[in-house]
Amino acid sequence: MAIQYEEFDIVEVAKMCGVQFHAYDHNEIEYKALCPFCGDTSYHLGLNRKMDRFHCFRCKTRGNSVSLYAKMFGLTNKQAYEIIRNNDKVLDEKVFTYRENPETPIRPIEDRHNVYYDFLSLLRLNRSHRENLERRGLSFNHIHQFMYRSIPTDNVFRREVLEKLASKHNLLGIPGFYIDERGDVQMYVKKCGGIFIPICNREGYIQGLQMRLDVDEGSGDKKFRWFSSKHYKDGTGAKPWIHIVGDTTASEVCLTEGAMKADVTSVLSNGQLFMAVPGVNAIAYLPEVIRDLGITKVYEAFDMDKRTKPQVKQALIGLRNSLDAIGVEWCSCSWNPQYKGLDDYFLAKTMCMQSDLVAA
Ligand SMILES: [Zn+2]
């Protein structure tokens with residue numbers, strides 16, 4: 001499979017600039033390198049060949065292949081463009097062959113649940129993560145019940161967990177796990193760490209895991225990612241699963257974006273039925289799940305920034321149309337926009353009621 005990139009291969013351009021790449025931490029599209037602009041010594045520079053983008057997570061410098069070259073040699077973008085264009089190597093390889101690793105077909109939900117359940121059972125929850133969850137309004141019991149765990153960042157501990165898990169389960173076809181060049185089982189890992197969030201179906205089976213990463217606020221890095229091994233050898237990608245929590249006999253459901261938000265709000269509303277889509281545009285499975293549960297009315301409760309973000313507005317129209325098509329009633333919820341998410345609003349309300357009780 002050949003992937004056409006914008007104009008120049010940013011990896012080739014970076015090589016022309018003398019950028020030093022990490023020896024093995026890359027796939028066909030994403031590379032890591034030492035940032036030449038900030039004295040970086042730990043490979044903070046990320047390059048994406050498909051998107052023709054670079055971004056340093058340390059000094060925040062970003063751009064494309066042309067601006068990378070221009071910045072390195074103090075040229076204008078136009079000058080840099082001319083030089084790169086005259087470099088045969090960069091042009092010759094305009095279309096690079098993307099060796100798409102054949103994805104291992106995904107295993108049925110029972111298998112995934114068994115693996116993820118045992119995997120999470122082997123993991124721990126850091127104190128800072130537990131405190132974060134408690135601040136959202138979850139009790140120790142809820143945190144235990146939802147099986148939130150910290151992503152293991154310690155190499156030795158992670159290896160131990162993987163070996164225990166692999167001795168009991170075949171991990172092929174389970175998103176997030178893959179086999180490396182030496183034949184060892186590996187898992188997708190983010191060094192920044194974060195919390196694993198189980199994404200459950202109506203029976204409470206774990207369909208997949210989402211990761212809420214400990215990224216720096218304002219860094220522009222993605223906070224939520226699937227635990228997926230799509231781009232690795234023998235890996236498997238996640239699907240846009242819908243998370244379900246609360247009273248599944250109810251005929252009305254409250255719909256949020258993000259499973260943790262749904263868990264928290266369901267708990268704070270005494271077990272009401274909540275569903276979470278992984279993103280406002282990731283609604284492929286939603287109509288099917290709603291029909292399956294016999295839902296007649298959906299209360300949409302996405303974050304209040306839906307009023308200001310045009311992409312979200314557009315996504316909401318699409319969502320509404322797809323529910324109209326299956327004859328499900330729809331109602332948009334609003335609350336004091338001082339609280340971004342419905343969970344923030346509920347938490348504030350709950351705290352307020354508790355302080356009233358204490359005052360009385
Ligand atoms: Zn930098």
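Cysteine 35 lies in the loop between strand E2 (30-33) and strand E3 (45-48). Helices (H or I, at least four residues) and strands (E, at least two) are DSSP runs, numbered from the N terminus. This is a predicted model, in which local features need pLDDT of at least 70, side-chain atom pairs count only at pLDDT 80 or more, and totals for chains, interfaces and linings use all residues. Residues are numbered from 1 along each chain as its sequence is written.

Cysteine 35 counts as buried because it has 24 C-beta neighbours inside 10 Å. A residue is termed buried if 20 or more other C-beta atoms lie within 10 Å of its own, exposed if 12 or fewer, and partly exposed in between, with C-beta atoms placed from the backbone. When neighbours within four places in sequence are left aside, the contacts of cysteine 35 are Asp40, His44, Leu45, Cys56, Arg58, Cys59 and Thr61; two residues are in contact if their C-beta atoms, placed from the backbone, lie within 7 Å. Lysine 168 is 133 residues from cysteine 35 in sequence and 42 Å from it in space, C-alpha to C-alpha.

## Helix H2

In helix H2 (residues 65-73), the buried residues are Ser65, Val66, Leu68, Tyr69 and Ala70. Their cover includes helix H1 (10-16), strand E4 (53-56), strand E5 (62-63) and helix H3 (77-85). Glycine 74 follows H2 and has a positive phi, near 65°.

## The five-stranded sheet

An open sheet of mixed pairing is formed by five strands in the order E13-E15-E14-E16-E17. Strand E13 (243-245) and strand E17 (329-332) stand at the edges with a single partner strand each, so one side of each is left without a neighbour in the sheet. On average, neighbouring strands of this sheet are turned by 25° against each other, direction ignored. Two strands pair if DSSP finds at least two bridges between them.

Strand E14 (residues 252-257) pairs with strand E15 (residues 274-277) in the parallel sense, over four bridges. Threonine 256 has alanine 276 in E15 as its bridge partner. Helix H9 (residues 259-268) lies across E13, E14 and E15 and runs at about 165° to E15; axes are lines fitted to C-alpha atoms, for helices over the stretch in contact, and angles run from 0 to 180 degrees between N-to-C directions.

## The chain as a whole

The protein chain has 12 helices and 17 strands. Its C-alpha atoms fill a box of roughly 75 × 50 × 45 Å, taken along the principal axes. Of the 360 residues in the protein chain, 32% are buried. Among contacts in the protein chain with a separation of 6 or more, 59% are between residues 24 or more positions apart.
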